Amino acid sequence: MKIPDPLRVDFHLLDRQVVDPDGYLIGKVDDVEVSVGEDGVPVVTAIHIGQHALGNRIGGVIGRWLAATARRLHETGDPRPLRVPFELVHKVDSAVVLSVRHELMDPSALEIWLRDNVIGRIPGARDAG
Amino acid sequence: MRRWLLAGTVVVVALGAIGLGLLPTTEDGFRSTAVTSARDTRSAVLSTREVGAAALRGRVLQSYVNIAVQRARDQVSTAITDLVDTEVPGPSSQRLRDEVLPMLTRSAARINDVATASSTEDRDALSRAVDELSGLAGELGGVR
Amino acid sequence: MKRVFAITLGILTAIGGFVDIGDLVANAVTGARFGMRLAWVVVVGVIGICVYAEMCGRVAAVSGRPVFDLVRERLGPRIGLTNLIGSYLATLFTLSAEIGGVAIAVELATSVHYLLWVPIAAFVVWVVIWRVKFEMMERIFGLAGLSLVVFVVALIQLAPPWGQLAGQAVTPVVPAGEDWATYGFFAVALFAAALTPYEVFFFSSGGVEERWTRKDLVVSRLNVFIGFPLGGLLSLGVMGTAATLFLPLGVRVESLDQVALPVAVALGKLGLAVVILGFFAATFGAALETGLSAGYTIAQYFGWQWGKLVRPREAARFHTVVLVSILIGVAMLLTTTDPIMITEYSLVFSAVALPLTYLPILIVANDRDYLGDQVNSRTANALGVTYLVIILVVAVAAVPLMIISGMGG
């Protein structure tokens, strides 16, 4: 793990792009989960990715709206942001690189819905440009 | 408190705008509309004259002439509508209207002639239309 | 040799890609009304876009991330969102104006009313974004856009009174019969046309799509510092031809066909055909760039997968935004609002949104965390800050000037 030391949550982590080992863009660090260890030192335990987390952080009308659309679109009935345990973070650089491939994580509900109902139905959607 | 202040300002501004719109046209206001209409028409007339002159020398495509003439005609009809829609406040405005309006309608007709003459390849008619447009531009330029 | 060829090709693409509907309209309209008295604004604008595009290229090449990917990290999600909304709306307006420009270019060639071409033009724009490879797309339309060089040829052929044009250019005062508000309004429009926000979104995201690395820094700089000024020269050619033909007659430019007229007068049918091709290529290329940029801005704020390197079904949210933006652009045109009008509004909107676009670039380009030893030099910062001040003045003045002058009335 290549992580800046000391790691500043606001400066190095929050709102940074999250990518998988192949550079697939997973999302932004929309929120972080912090717990206080036995020695009293706070540790980052996970990062959260998803518009619910972002909406809650922005607050106000727009924030609530963002969070609400994210919840509405969830088909699996589990309206929570994607939670990535911090052990899976491989390095924090100009992006946060994870050590696992994106296929192993829950994909975004919005992405799946648009892929299955809109973009995936257009001819040529499987060809790279 | 801030909201009321904001709402109050919006209402006052809106009422002001409506009030301005309802005020009767003054002689000066009418004159300014007439001058603007004449100026815009003159611009369209001279632009079309250039198109016609270029067509005489075989320098433009017919598709282009059609579109250029159509745009110029639209400009002139807007100018005519603006003038006709403006209420006439007094006798001197009426005289101005009677002077300017015929120029505008003649401009629209001569602009049309350019497209017709160019599409039928009637060089005489085209060159006549171009000359008449020059004359009209001179007249329109005299509107003050 | 191969490298020289690649560099030349890049520069030519940058020249041809520089001019879009905003530049065509703003330059022709001001040329007809003010002669070359506002030419200085084009020069100031071109230097500005060079300064900031260079920063964007550097950020993309060194960090591998487009600038707007980094904006939210440095400004926070709220200011980032304000930024996103302003930039997106400005880009959307511009996209609509470009599609309108494509439709009018086809209308000039066919005599068939432009509104009938709007849906077709938009569909073809979308198909190209959907199917054609990024580099191919950029090259074809950039090179075809080079045909606008015909404006410079036409200017020479018209044999204008050069001394008079030069005199106007060096005495930038408000001419008789015009007021300062109108002069100011067109200065703002010209400045916004040179620095339209989508240009930097596209430039920095394009750098990432073409997988620039530090090795490409030189090429990127050559494209910017040679290509953009030569593109600016084409803009001045448009202004000069309008100044030569229309200013003495007192004709105002209100439509795209008039922009082409001086070339027809100077060079005849062939010249006219080349201009129409140039209009088509410039607006079509810019429609592709603005369509993609609309997707880039939103996808990069939320961290979604974006771009043309992946299959569309793997970037479904990005492609949906592009598709919806094109549809909104078409809807704006189908209200039958004159595309030239939409262009003028898009320029005012861009002017207001300029600080939202350019301030973050300056901040990110100074960040050692991303750029290491490649952060801004003192010169780049001095120029960057100077331009930021100009941009702020322009943004604040844009709407008041629009109202006082009645859109240049």
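**Interfaces of chain C with chains A and B**

About 3400 Å² is buried between chain C and chain A, with 54% of it on carbon and sulfur atoms; buried area is the accessible area (1.4 Å probe) that two parts lose on being put together, summed over both. More than any other three residues, Arg72(C), Arg313(C) and Arg317(C) contribute to the area that chain C buries against chain A, supplying 21% of it. The model is predicted: local features need pLDDT of at least 70 and side-chain atom pairs count only at pLDDT 80 or more, whereas totals for chains, interfaces and linings use all residues. Side-chain values use heavy atoms, without hydrogens and water, residues are numbered from 1 along each chain as its sequence is written, and chains are lettered from A and ligands numbered from 1 in the order in which they are written.

On the chain C side, 36 residues are in contact with 37 residues of chain A (contact means heavy atoms within 4.5 Å). Six salt bridges are found across this interface, a salt bridge being a side-chain nitrogen of Lys or Arg within 4 Å of a carboxyl oxygen of Asp or Glu. Arg72(C) forms a salt bridge with Asp30(A), and the closest N and O atoms of this pair are 2.6 Å apart. Residue pairs in polar contact between chain C and chain A number 17 (both at pLDDT 80 or more); a polar contact is a pair of N or O atoms within 3.5 Å, where within protein one must be able to donate a hydrogen and the other to accept it, and residues adjacent in sequence count only if both atoms are side-chain atoms. At least two residues each of the side of chain C that touches chain A come from α4 (67-110), α5 (114-131), α12 (256-302), α13 (316-334) and α15 (368-371) of chain C, helices being DSSP runs (H or I, at least four residues) numbered from the N terminus. The largest share, eight residues, is that of α4(C).

The contact between chain C and chain B takes 29 residues from chain C and 22 residues from chain B. The area buried here is about 2100 Å², of which 54% is given by carbon and sulfur atoms. In chain C, Leu249(C), Leu261(C) and Lys269(C) lose the most area to chain B, together 24% of what that side buries. One salt bridge is found across the interface of chain C and chain B. Arg71(B) forms a salt bridge with Glu107(C), with the closest N and O atoms 2.6 Å apart. Two or more residues each of the side of chain C that touches chain B come from α4, α11 (217-249) and α12 of chain C; α12(C) gives the most, with 12 residues.
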